Protein chains: 2
Amino acid sequence: MEKSESKTKRVRLVVAYDGTNYHGWQLQDNGVTIESELNRCLFDLLGEEIQVTGASRTDAGVHALCNIAVFDTRSRMPAEKISYALNQRLPEDIRIQKSEQVADDWHPRRCESRKTYEYRIYRAEFPMPVKRLYSYFTYHALNVDAMKRAAEYLVGEHDFKSFCQTGAQVKSTVRTLYSVEVEEQGADLVLRVCGSGFLYNMVRIIAGTLMEVGRGRKSPEDVMSILEVRDRMAAGPTAPAQGLTLVRYDFV
Amino acid sequence: MEKSESKTKRVRLVVAYDGTNYHGWQLQDNGVTIESELNRCLFDLLGEEIQVTGASRTDAGVHALCNIAVFDTRSRMPAEKISYALNQRLPEDIRIQKSEQVADDWHPRRCESRKTYEYRIYRAEFPMPVKRLYSYFTYHALNVDAMKRAAEYLVGEHDFKSFCQTGAQVKSTVRTLYSVEVEEQGADLVLRVCGSGFLYNMVRIIAGTLMEVGRGRKSPEDVMSILEVRDRMAAGPTAPAQGLTLVRYDFV
């Protein structure tokens, strides 16, 4: 039919989501994921079996303002219109921010990019309910200056093996961080990490380690030796998922 | 018994909550409310049938950083400790921020106070999932300067009958607003209203009216005539509940 004879095109989606109610990005045998919802709603919209490819496979509970997904379709629907039509079908905790056609060979994990994650910490005597889904609560005093000094040791190209969840299968644990900022926003403390790529749980382990420095359990200089020993046990705990949000994605 | 012989004391709670999953503050025959959860958990903690009295009976879906509740108890538990013990029992979307003993005749609705509400509007082409529970989304362009000019007409003592949900039973619809601010915070537009007291749905009708001004459907000067006619039909629509948060409560 006319529809099925149309040429295939590749479409890129900018996807925002509240990760609270999902088992992360990636398809799973049991549990609804961002990817499974996108595939389901794209099938509903376009009538094709579609498997999106994601740029950052975020964990359960992690949020995104701008994750990236691509897929191929024979649909004649203009790529720019897919955002509107897809948002009508998606649950309200997932919203496409943009849809556009890209080159047929464009792949989000095979191109240079800069990703920025924010890890948000709410510091107070008691938790604040309206903040609970998007930040980590602590009643511990944190030495922000020490955390800023510690953060500087992480900037640049390093072997981040100590900041990678054990069991992750990767060829190399060397990554480059362009910046690691520690910013006070009232009672919130925001850790902002920008890099070309991240290991499994890397930002959450960085957050957990910087909080250990903030509490005085580690010194800023300890971060140097943590990097050197290449041992997950040397770093701090993995900070809880809900504090983490993918806030920016730039292709360079 | 020794416990029941102890003297009654009045305890004031500062209560924060995410209103998303509640049928408002006030006790209802069907539906869980902030008040019913407080009463249930106070009974569990103190072993007494307790009925808290609230300061602001917020609607379903409205949030609070600092609503006020008082109750009388014969418990020997120091008032300051009740916050900690009660938070262990409350659901995570309600958290006591402070508990303290007050004078036996202190009543939150019979003393001078200043309440500050914020109504948050998120302006973008598409909704942002992590903002959806705590703001109102609009893709309409809003003229912020016009909204600021309109807001000035609301400041001071006025008969706010046009800004009161019809059917509300009150002796007088005259209220005093100390300030009405319109503040841009990036893509968010925050309406901040401070007053001694508010009519039913008053802040949400103010927000709905200011948005009509922002969209050019009403002029800033129309707010004067809306006040004068004392008719709910003259004002704009009641803006949705989730954008509204009680952010400050001062006793003067």
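Reply: N201(B) is buried, with 21 other C-beta atoms within 10 Å. Buried means 20 or more other C-beta atoms within 10 Å of a residue's own; exposed means 12 or fewer, and partly exposed lies in between, with C-beta atoms placed from the backbone. This is a predicted model, in which local features need pLDDT of at least 70 and side-chain atom pairs count only at pLDDT 80 or more, while totals for chains, interfaces and linings use all residues. Residues are numbered from 1 along each chain as its sequence is written, and chains are lettered from A and ligands numbered from 1 in the order in which they are written.

N201(B) is not a glycine, yet its phi is positive, about 65°. The residue sits in the loop between β9 and α5 of chain B. Helices (H or I, at least four residues) and strands (E, at least two) are DSSP runs, numbered from the N terminus. In chain A, N201(A) also has a positive phi of about 65°. N201(A) lies between β9 (188-195) and α5 of chain A. N201(A) is buried, with 21 other C-beta atoms within 10 Å.

Next, the helix. α5 of chain B spans residues 202-214, 13 residues in total. From first C-alpha to last, α5(B) reaches 18 Å, close to the 18 Å expected at 1.5 Å a residue. The expected span is 1.5 Å times one less than the number of residues. Twelve of the 13 residues of α5(B) are buried. Among them are M202(B), V203(B), R204(B) and E212(B). Their cover includes β5 (113-123), α4 (144-152), β9 (188-195), α6 (222-229) and β10 (244-251) of chain B. Just after α5(B), G216(B) has a positive phi of about 85°.

Now the core around the chain A helix. A nonpolar core is a set of buried Ala, Val, Leu, Ile, Met, Phe, Trp, Tyr and Cys residues joined through C-beta atoms within 7 Å. The largest has 60 residues; V15(A), Y119(A), M202(A), V203(A), I206(A), A207(A) and L210(A) touch the most other members. α5 of chain A gives the most to this core, eight residues. Domain 1 (2-102) and domain 2 (113-251) of chain A both contribute, so the core lies between them. Domain bounds come from an automatic or database domain assignment. Beyond four places in sequence, I206(A) is in contact with L154(A), F163(A) and V193(A). Contact means C-beta atoms, placed from the backbone, within 7 Å. A second, separate core of 59 residues includes V15(B), L90(B), Y117(B) and L154(B).

The C-alpha centres of the two domains of chain A lie 29 Å apart. 14 residues of domain 1 of chain A are in contact with eleven of domain 2 of chain A. That side of domain 1 divides into seven nonpolar, six polar and one charged. Ala, Val, Leu, Ile, Met, Phe, Trp, Tyr, Cys and Pro count as nonpolar, Asp, Glu, Lys and Arg as charged, and the others, Gly among them, as polar.

Last, the chains together. The contact takes 21 residues from chain B and 21 from chain A. β4(B) gives the most to chain B's side, four residues. By class, that side has eleven nonpolar, five polar and five charged residues. A rotation of 180° with 0.0 Å of shift along its axis superposes chain B on chain A, RMSD 0.0 Å. The two copies are thus related as by a two-fold rotation axis.

Conventions: Contact = placed C-beta atoms within 7 Å. Least-squares fit on C-alpha atoms with pLDDT ≥ 70 in both.
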